[in-house]
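Hi everyone, thanks for coming.

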Amino acid sequence: MAARQSYVDSSVCVPGLMLPFRIGDLCAGRVACTDGELAPYVRAAFMSGSVARPSACTPAPSQDPVAVVNAAVYQAFREVPLPEAVLQIQPPDQVTLVNLETNFFTTAAPIATTVTVLGYAVELDITATSFVWDFGDGTTTTTATPGAPYPDLDVTHPYSRVGTYETSVTVTWSADFRVDGGAWQTVDGTVVMASEPVALDVREATPVLTD
């Protein structure tokens with residue numbers, strides 16, 4: 001009885017008659033073929049010119065080719081060097097006043113890069129999709145934008161009491177990918193980057209008499 005073989009990619013097979021040498025059906029993906037030990041895959045199902053799986057190949061149990069491909073892309077996404085999350089605050093010098101709308105923002109520009117996954121060049125379009133702002137006084141807020149410096153006050157927070165508060169921002173990155181110029185797909189999974197905490201000193205304004 002022939003050995004069952006499984007490969008990592010999409011589930012398609014190329015009939016042996018189409019190959020320059022006879023080795024039986026050459027399978028791509030998480031498949032189990034019954035007509036001999038086969039070499040690694042030729043192309044993925046989402047590549048142009050793929051051939052439908054012949055009857056000699058059947059999907060291996062509990063092996064979803066699409067999930068396998070996406071998991072491999074997600075792992076590559078996790079290894080892309082993303083920019084550190086850096087929290088910025090206005091007024092500057094980490095000092096603000098009670099009841100003042102203190103401004104918070106960060107920088108998170110989109111990233112376009114190409115990685116190699118399962119032997120293929122895969123384009124990644126990476127964007128920051130969520131920002132969680134921790135104001136250090138027991139309150140947080142979540143936005144889809146990174147805030148902005150003055151005068152564009154997108155993310156602000158007033159403090160009702162004097163004190164020193166540890167503030168931070170957590171950025172969630174998401175990605176789309178495509179292979180060989182094919183259709184864009186969404187990567188299953190995100191990457192989360194938390195900033196270093198920033199100590200914010202909240203003071204009370206003191207009136208000063210002048211002549």
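I'll go through confidence, then the core, a sheet and some aromatic rings.

This is a predicted model, so local features need pLDDT of at least 70, side-chain atom pairs count only at pLDDT 80 or more, and totals for chains, interfaces and linings use all residues. Residues are numbered from 1 along each chain as its sequence is written, and side-chain values use heavy atoms, with hydrogens and water left out.

On pLDDT, the predictor's confidence in each residue from 0 to 100, the chain averages 76, and 65% of the residues score at least 70. Residues 1-63 fall below 50, yet beyond near neighbours in sequence this stretch has 148 contacts in the model, a contact being heavy atoms within 4.5 Å.

Now the core. A nonpolar core is a set of buried Ala, Val, Leu, Ile, Met, Phe, Trp, Tyr and Cys residues joined through side-chain atoms within 4.5 Å; buried means under 20% relative accessible area (1.4 Å probe, protein chains only). The largest one has 37 residues, and among those touching the most other members are Phe 104, Trp 133 and Trp 173. Helix H1 (65-78) and strand E12 (163-179) are among the elements that each supply at least two of its residues. Helices (H or I, at least four residues) and strands (E, at least two) are DSSP runs, numbered from the N terminus.

Next, 3 strands form an open antiparallel sheet, ordered E5-E7-E11. Strands pair if DSSP finds at least two bridges between them; E7 (residues 102-105) and E11 are joined by 2, with Asn 103 partnering Thr 156.

Finally, there are 4 aromatic pairs. Tyr 159 and Tyr 165 have ring centres 4.9 Å apart and planes at 35 degrees, so this pair is tilted. Rings of Phe, Tyr and Trp (its six-membered ring) pair if their centres lie within 6.5 Å; planes under 30 degrees apart count as stacked, over 60 as edge-to-face and the rest as tilted. Both Tyr 159 and Tyr 165 are buried.

How values were computed. Buried means under 20% relative accessible area, exposed over 50%, partly exposed in between (1.4 Å probe, protein chains only).
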